[in-house]
Amino acid sequence: MSKLRQIKTRIKGVKKTQQITKTMEMVAAARIKKAQARMEAARPYALKMIEIMESVADAAEDVKHPLLEKREVNNVLVVLYTANRGLCGAFNSNVIRLTEKLIERETSLGRKVSLAVIGRKGFSYFNFKGFEIVKYFEISDKAEYKESKQVSDYIISSYSEAQYDAVYLVFNHFKSLIRQIPTEYRILPLEPKVSERKNERTTEYLWEPSAEAVLYELLPRYIDTLVFRALLESAASEHAARRAAMKNATDNAGEMIRALTLSMNKARQAQITKELTEIVTSAEAIKFTKGK
Amino acid sequence: MGDRKLTVEVVAADKVLYAEEADMVVVPGYEGELGILPLHIPMVSILTRGEIRIKHKDHIDYFYIEDGFLEVKEDRAVILASEAIPAQEIEPEVELKAQEEIKRMIEQAKEKGEDFSSLLEELNRSLTRLRVARKAKK
């Protein structure tokens, strides 16, 4: 009896878990769509910016900007993008592992690595390991431009003050719904892009007040755009990873329920058989005593 | 100037806020206001804090802009804004309240002898927003 009841309780428990994972899967699926739409919405700005950047790089000569300054690399800043929550498969651990590799590589080159973290998961990991985190950015799940701005502002000001000589972003690149690639991207120092289509360019712009001034203003905004882009990619990847993880969990729960139901039926059968045997035996016994 | 139109787009970092055909657009340029008409030569300009006016035959659309860039090319004016708000979305009461608050904070900072330049900036922003909102209402 007790075994049967035990199995029944377990099935109930697993079913409840399955319900939760299923809901989470559906929520994540809805959020991916939103996140993808936001990535699309951010494209026109980024594309236009790159377009202007390319033509301005042709027109401007000898611009001195703190973000274009190349120094011997002694201090490196790594900006890690993680999620605020878990239950999203290897999403967090993938980028954390990549970050650790990057830190190891840069340290072995004799450079001092500082770590800035976005998202609670990355923070608690490195905090627990006792690795010093120079800056922690709390960013909501909405991942808005304003929030990303505090990250890029920090990057721009600390690089301009020569606190760091190189800056890397580590984030999950959103390749597709089923593929998110942990990526490291060196954002600073900037390589001024000289367009390859230089000769076929027909538009001659009038620069107001001058090409150099436009480029000067454009560079920090360009960093903003890159940092924001990475944030959007990371957000979309997180939802995709969570959806996949929750789908797996739901499937596994289903598998478990099937197995448990089977053993429950077996247990019930065994109990019935046992009861039957007992009845038959006792009946036989009574008959036997009466017959005497 | 005839029927020639100009496509005006206001693009923020996270979305396209506005894309319409208009007769003229006036933006806060680096050295004062810039009016762009159709057939303007290709140009890129830095934009400063202020208002954008997009003129149609029978009405004008107003925007507040924090700063950004303007690109004009082939009857298309694209405004890249780090922050832009359509005038009708600015709430004058909220701005007034915020200004009171900022002024109080500035007074406090003055007493303590702290730096309040960023507060002044904030106040300036709010005042500009209010001005744009009021102008659009007229």
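Predicted model: local features only at pLDDT ≥ 70, side-chain atom pairs only at ≥ 80, totals over all residues.
At what angle do helix H1 (residues 92-112) of chain B and helix H2 (residues 117-137) of chain B pack, and how many Å apart are their axes?

**View 1. The packing of H1(B) against H2(B).** Helix H1 (residues 92-112) and helix H2 (residues 117-137) of chain B pack at an angle of about 160°, and their axes lie 9 Å apart. Because angles over 145 degrees count as roughly antiparallel, H1(B) and H2(B) are described as roughly antiparallel to each other. In passing H2(B), H1(B) makes a left-handed crossing. On the side of H1(B), the residues that make the contact include Pro92(B), Ala98(B), Ile102(B) and Met105(B), while on the side of H2(B) they include Leu119(B), Leu123(B), Leu127(B) and Arg134(B). When the residues of this contact are sorted by class, 12 are nonpolar, 2 are polar and 4 are charged.

**View 2. The two domains of chain B.** Chain B is divided into domain 1, covering residues 6-87, and domain 2, covering residues 90-137. The centres of these two domains, taken over C-alpha atoms, are separated by 25 Å. Their contact draws 7 residues from domain 1 of chain B and 8 residues from domain 2 of chain B. On the side of domain 1 that touches domain 2, strand S6 (50-55) and strand S7 (60-65) of chain B each supply at least two residues. That side of domain 1 has 4 nonpolar, 1 polar and 2 charged residues.

**View 3. The elements of chain B along its length.** The secondary structure of chain B comes to 2 helices and 10 strands, and, read from the N terminus on, the order of the elements is β-β-β-β-β-β-β-β-β-β-α-α. Taken along the principal axes, the C-alpha atoms of chain B fill a box of roughly 60 × 30 × 25 Å. Of the 138 residues of this chain, 31% count as buried.

View 4. Ala236(A) has its place in helix H6 (residues 211-291) of chain A.

Key
Residues numbered from 1 in each chain as written. Chains lettered and ligands numbered in written order. Axes fitted to C-alpha atoms, helices over the stretch in contact; angles between N-to-C directions. Helix = DSSP H or I, 4+ residues; strand = E, 2+ residues; numbered from the N terminus. Parallel < 35°, antiparallel > 145°, perpendicular 65-115°, else oblique. Left-handed = near helix turned anticlockwise from the far one by under 90°. Contact = placed C-beta atoms within 7 Å. Nonpolar A, V, L, I, M, F, W, Y, C, P; charged D, E, K, R; others polar. Domains from an automatic or database assignment. Buried ≥ 20, exposed ≤ 12 C-beta atoms within 10 Å, placed from the backbone.
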